[in-house]
Amino acid sequence: MTDIRLKQLLAAEMPPVPESFHLAVTGTLNRIVAEESQTTEKVRRLPPMRRVLLVAALIVLALATAAVAAVHWQIFDGLWPFAGIPGGADTVMRGHLAQTAVNNVEITVEEAGYDGRSLLLVYSYRLLDADTLTTPELLHERGVGWWIDHIWFNGKAMDMPANSYGSTHMDPQTGKLTEKWVYRLDNEHVQLSGPTEIALPIGQRQPLEDYSRLHHPERYDENGTLLLPEAGMVSFTLDTTRHRQLEITAPNQPIHLDGFTAAVSEAAFSPLMTYITLRLEVSPEAVGAYREANGEGFFDEQGNLIYAYDGSELVAPWVLGLELVDGTGKVVADQGGNNGYGANWAEFIYPATEVLPRELWLAPVAGEQADMSRAVRVR
């Protein structure tokens, strides 16, 4: 085989590699050539074989580098709070985990990952017997899709956790319907470790009456937890071993504002996200004054009290204006923010930052100016 033909085959089979890798390889080869040209006759070398072995090793390394560079985790495309793939994604995410067919619908668990707080999940549906876009209506007609609000980990059920969220996308080019979800396992006090069997109720829909505890107590354990169903499930194993543990801080430095105090009770930093929890305390006097000025709460047309003012109205203007800033007041996260609040708590989520500033604060920001006098310490 000629050198020209070898180059053509490599160019056709290998994906492009980063320019930095190309320069490094070129430099290494040039150094070897220079070394061999300086070899004396007293030391017999085998330059051709050495080059062949080196080039072979470099080709293997190039393929591995290109393969890593080619991984594109779709969970981060357009899903809050991400604006791109976090640097630590490859240490957490896994792909191509399960595939099955139910009623001529192909079901694929495409991606999953666990960062110590959240389970990130991507699964898709595609019609096998029709060249058409998969829609929720067509899935329902075929009796396929999510049918109960549970997930099973190693056979034990977990209710759908609070503050979970996701999105549905239909792609006309592939015909697939794709679901992307972030499940906040920490809100159900679920902690995963090592290889974990995960079972999702996304296969053939089951009659919910068959899982009524009143009529089918045999389907529940002694604690009243629903046992793993034998039908309607798609299962896979995810290695949830984490190479980097969560960095957790608890500054608990309260600030006193208009009628309430606030402090960061916990901030957790994972390879994917930053989780910040605020503890809020509204004074009874402030709630009383608000009710005196605005009434007891929200009433319907018949005069029935639907919602009593509890103090969340007082914290809302401050909470909803907060952004993550460094010690100088510079905003350090363009994506993410508040993920819910009440009278006693608030949560903020941001994508992971490659290099964390030594100081982090949540501060009200107007334009580009942070009001550090009303900021709360995060780190």
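**Notebook: salt bridges, a pocket and some loops**

I began with Glu110, which forms a salt bridge with Lys176, the closest N and O atoms being 2.7 Å apart; a salt bridge here is a side-chain nitrogen of Lys or Arg within 4 Å of a carboxyl oxygen of Asp or Glu. Glu110 lies in strand β2 (residues 105-114) and Lys176 in the loop between β6 (165-170) and β7 (177-184), so the pair ties together parts that are 66 residues apart in sequence. I note that helices (H or I, at least four residues) and strands (E, at least two) are DSSP runs, numbered from the N terminus.

Before going on, I wrote down that this is a predicted model, in which local features need pLDDT of at least 70 and side-chain atom pairs count only at pLDDT 80 or more, while totals for chains, interfaces and linings use all residues. Residues are numbered from 1 along each chain as its sequence is written, and side-chain values use heavy atoms, with hydrogens and water left out.

Is Glu110 buried or exposed? With a relative accessibility of 11%, Glu110 counts as buried, since buried means under 20% relative accessible area, exposed over 50%, and partly exposed in between (1.4 Å probe, protein chains only).

I then searched the whole structure and found nine salt bridges. One that I looked up joins Arg379 to Glu247, with the closest N and O atoms 3.2 Å apart. This pair links distant parts of the chain, for Arg379 sits in the segment after β21 (376-377) and Glu247 in strand β10 (residues 247-249), 132 residues apart. Arg379 counts as partly exposed at 24% relative accessibility, and Glu247 is also partly exposed, at 32%.

In another entry I have Glu281 and Arg279, whose side chains meet in a salt bridge at 3.7 Å, N to O. Glu281 has 47% relative accessibility and counts as partly exposed, and Arg279, at 33%, counts as partly exposed too. I also noted that salt bridges that share partners join Arg184, Asp186 and Glu347 into one network.

Which residues lie nearest the centre of the second largest pocket? They are Lys156, Ala157, Met158, Asp159 and Thr225, out of 14 lining residues. On a 1 Å grid over the protein atoms alone, a pocket is an open set of points where a 1.4 Å probe fits, with protein on both sides within 12 Å along at least five of seven lines, and lining residues have an atom within 4 Å of a point.

The elements that give two or more residues to this lining are β4 (150-153) and β5 (156-159), and β5 gives the largest share, four residues. I sorted the lining into seven nonpolar, four polar and three charged residues, where Ala, Val, Leu, Ile, Met, Phe, Trp, Tyr, Cys and Pro count as nonpolar, Asp, Glu, Lys and Arg as charged, and the others, Gly among them, as polar.

Between β4 and β5 there is a loop that holds Asn154. Asn154 has a positive phi of about 50° although it is not a glycine, and with a relative accessible area of 51% Asn154 is exposed.

**Other loops**

His189 lies in the loop between β7 and β8 (195-200) and counts as exposed at 77% relative accessibility.

The peptide bond from Trp80 to Pro81 is cis, with omega near 5°, and I placed Pro81 in the loop between α3 (47-70) and α4 (89-92).

Pro284 lies in helix α6 (residues 284-294) and is exposed, with a relative accessible area of 64%. Pro284 and Gly311 are 27 residues apart in sequence, and their C-alpha atoms are 8.5 Å apart in space. Asn294 is found in helix α6 as well, and Asn294 counts as partly exposed at 41% relative accessibility. From Asn294 to Tyr309, 15 residues along the chain, the C-alpha separation is 8.9 Å.

Why is helix α7 (residues 312-319) largely enclosed by the rest of the structure? Six of the eight residues of α7 are buried, and these are Ser312, Glu313, Val315, Ala316, Trp318 and Val319.
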